[in-house]
Structures are given as structure tokens and as C-alpha cells.
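Visitor: Hi! I'm new to reading protein structures. Could you walk me through this one?

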Amino acid sequence: VQLQASGGGLVQAGGSLRLSCAVSGSDLIIGLMSWYRQAPGKQRTLVAQINQSGDSHYADSILGRFTISRDNGKNMIYLAMNGLNPEDAGVYFCNAAVWSDVLGRFTDFWGQGTKVTVSS
């Protein structure tokens, strides 16, 4: 299983970006999908999550500005980010819980991260 994140870049404060993450592998059964952010010198923190049914959860700091979505047919996850501010900057990582027949449970996989820089 591999996750490939893209869409990061440099944007001015107040601007928008859309992150994408593709999950590849064979016979995938994907459960919860998430985006995390890691700011310089800080721990990785949850930004948003979405389950198979499309129910989502957001960190308070981005509520109302970011929207998480997924395409189950394409095994894709997205994060639309609006009203960006410098506090949103960091490396964004996608995460997917993928079912393992061997282990009999979902196992977390991570993408390589995509960097978001917000200029003030």
C-alpha cells in the first residue's frame, strides 16, 4: 500500500489550496482517511478525518475553512483549504486505515507529506 500526497505550495494569507492523496495497492479496503499537519518543531496533529460513509471530523482551528472529502471509487482523499493563514503552514500528511486480511484489522499507512507555506 502506498499513499502519494500532492497539492502543497506557497500561498498568500487568505488564499486557497487543494491537497490530494492517492492510495494505491491491490484489493484495498480503506476505512478512516485523515489529514495531519506537522509544523516546524512541533508534533504531527490531526487536521481532519473522514470515514467510509463520508462523516467528517475537524480540528477546531480549521473548522469552517477546510473541507475534507474522499472518492471511494478512486481511493482518493482531498483537503480543500480556504482562508489560509500562517498558522496553517506545515507539512501535510495523508493517512489511510487499510484492512489487512493477515492481521485481521485495519492498519495505518502514511503518505510522504506535502508542504504548505503561507506568506503573511
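Guide: Happy to; we'll talk about strands, a hairpin and a surface patch in this predicted model.

Visitor: What holds strands of a sheet together in general?

Guide: Strands pair through backbone hydrogen bonds, in a parallel or an antiparallel way.

Visitor: OK, how many bridges are there between S3 and S8?

Guide: There are 6 bridges between S3 (residues 17–24) and S8 (residues 76–81). As an example, Ala22 has Met76 in S8 as its bridge partner.

Visitor: New topic: what do S9 and S10 form?

Guide: They make a hairpin, with 4 residues between the two strands. In the turn, Gly104 has a positive phi of about 70 degrees. S9 (residues 90–100) and S10 (residues 105–110) run antiparallel and are joined by 6 bridges. Ala96 is opposite Phe109 in S10.

Visitor: Which residues form the nonpolar patch on the surface?

Guide: Ile29, Trp99 and Phe106 do, and together they have about 260 Å² of accessible area.

Visitor: Where is Ile29, then?

Guide: Ile29 sits in the loop between S3 and S4 (30–38).

Visitor: Why does Ile29 count as partly exposed?

Guide: Because its relative accessibility is 44%, and partly exposed covers values between the buried limit of 20% and the exposed limit of 50%.

Conventions: Residues are numbered from 1 along each chain as its sequence is written. This is a predicted model: local features need pLDDT of at least 70, side-chain atom pairs count only at pLDDT 80 or more; totals for chains, interfaces and linings use all residues. Side-chain values use heavy atoms; hydrogens and water are left out. Two strands pair if DSSP finds at least two bridges between them. Patches are made of residues with over 30% relative accessible area and no salt bridge: like charges are joined within 9 Å, nonpolar side chains (Val, Leu, Ile, Met, Phe, Trp, Tyr) within 5 Å. Accessible areas come from the Shrake-Rupley method with a 1.4 Å probe; for residues, only the protein chains shown count as cover. A salt bridge is a side-chain nitrogen of Lys or Arg within 4 Å of a carboxyl oxygen of Asp or Glu. Buried means under 20% relative accessible area, exposed over 50%, partly exposed in between (1.4 Å probe, protein chains only).
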